[in-house]
Amino acid sequence: MAGDRLRSVGLRPTRQRIALAGLLFAKGDRHLTAEELHEEAVGAGVPVSLATVYNTLHQFTDAGMLRVLAVESSKTYFDTNTSDHQHYFIEGENEVMDIPTGSISIDGLPEVPEGMEIAHIDVVVRLRRKTA
């Protein structure tokens, strides 16, 4: 239940958070923008502003429920799969897909500054349709 999930990460289960979490997580792992979630919410009859959707997505991200993917300078995607994995981005279609786990190996990482550790490595492989 969405309310229990929100409480488990320290978020108060407001009506809007519950509705947005329900939309986000009901369809399994997915990648979507705030605008796409807002459109889904409006279509589902959830009275919520785009600003509230943005705020809620960032609250979910801060709580560890989502992962942010910045694949274009003008568009941020939110990923419901927070495990370590990488992505394909299909140019011209604005579609993000998971790369199968174990398909990429990352070697030769730089030495990190003292007192720091690598939190996450993001790899986005950009694809485009072949032209004839």
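Start by selecting Lys27, Arg30 and Glu40, which are joined in a network of salt bridges (a salt bridge is a side-chain nitrogen of Lys or Arg within 4 Å of a carboxyl oxygen of Asp or Glu). You are looking at a predicted model, in which local features need pLDDT of at least 70 and side-chain atom pairs count only at pLDDT 80 or more, while totals for chains, interfaces and linings use all residues. Residues are numbered from 1 along each chain as its sequence is written, and side-chain values use heavy atoms, with hydrogens and water left out.

**The whole chain**

Now zoom out and switch to a cartoon view. The chain has 4 helices and 6 strands (DSSP runs numbered from the N terminus, with helices being H or I of at least four residues and strands E of at least two). Follow the elements from the N terminus and you will read α-α-β-α-α-β-β-β-β-β. Along the principal axes, the C-alpha atoms fill a box of roughly 50 × 45 × 25 Å.

Colour by accessibility next. Of the 132 residues, 30% count as buried (buried is under 20% relative accessible area, exposed is over 50%, and partly exposed is in between, using a 1.4 Å probe and protein chains only). The accessible surface comes to about 8500 Å², with 50% of it belonging to carbon and sulfur atoms; such areas come from the Shrake-Rupley method with a 1.4 Å probe, and for residues only the protein chains shown count as cover.

For charges, select the 13 positive and 19 negative side chains; the centres of the two sets lie 8 Å apart. Lys and Arg count as positive, Asp and Glu as negative, and His and the chain ends are not counted. Each charge is placed at NZ of Lys, CZ of Arg, CG of Asp or CD of Glu.

**Helix H2 and its cover**

Select residues 15-25, which make up helix H2. Its buried residues are Arg17, Leu20, Ala21, Leu23, Leu24 and Phe25. Show what lies over them: the cover includes helix H1 (2-8), strand S1 (31-32), helix H3 (34-43) and helix H4 (50-62). An α-helix has 3.6 residues a turn, so residues three or four places apart point the same way.

Stay in H2 and pick Gln16. Gln16 counts as partly exposed, at 32% relative accessibility. Beyond its neighbours within four places in sequence, Gln16 is in contact with Pro47, Val48 and Thr52.

Then move to Thr33, in the loop between S1 and H3. Thr33 counts as buried, with 3% relative accessibility. Leaving out residues up to four places away in sequence, Thr33 touches Lys75, Thr76 and Tyr77.

**Salt bridges across the sequence**

The whole structure holds 6 salt bridges. Three further stops follow.

- Select Arg67 and Asp122, whose side chains meet in a salt bridge at 3.0 Å, N to O. This pair links distant parts of the chain, with Arg67 in strand S2 (residues 67-72) and Asp122 in the loop between S5 and S6, 55 residues apart. Arg67 is buried at 8% relative accessibility, whereas Asp122 is partly exposed at 49%.
- Select Arg126 and Glu91, a salt bridge with its closest N and O atoms 3.9 Å apart. Arg126 lies in strand S6 and Glu91 in the loop between strand S4 (87-90) and S5, so the pair ties together parts 35 residues apart in sequence. Arg126 is partly exposed at 44%, and Glu91 is partly exposed at 34%.
- Select Glu93 and Arg129, a salt bridge with its closest N and O atoms 2.7 Å apart. Glu93 sits in the loop between S4 and S5 and Arg129 in the segment after S6, 36 residues apart. Glu93 is partly exposed at 34%, while Arg129 counts as exposed at 55%.

Finish on Ile118, in the loop between strand S5 (95-98) and strand S6 (124-127); Ile118 is partly exposed, with a relative accessible area of 44%.

Definitions and conventions
Contact = heavy atoms within 4.5 Å.
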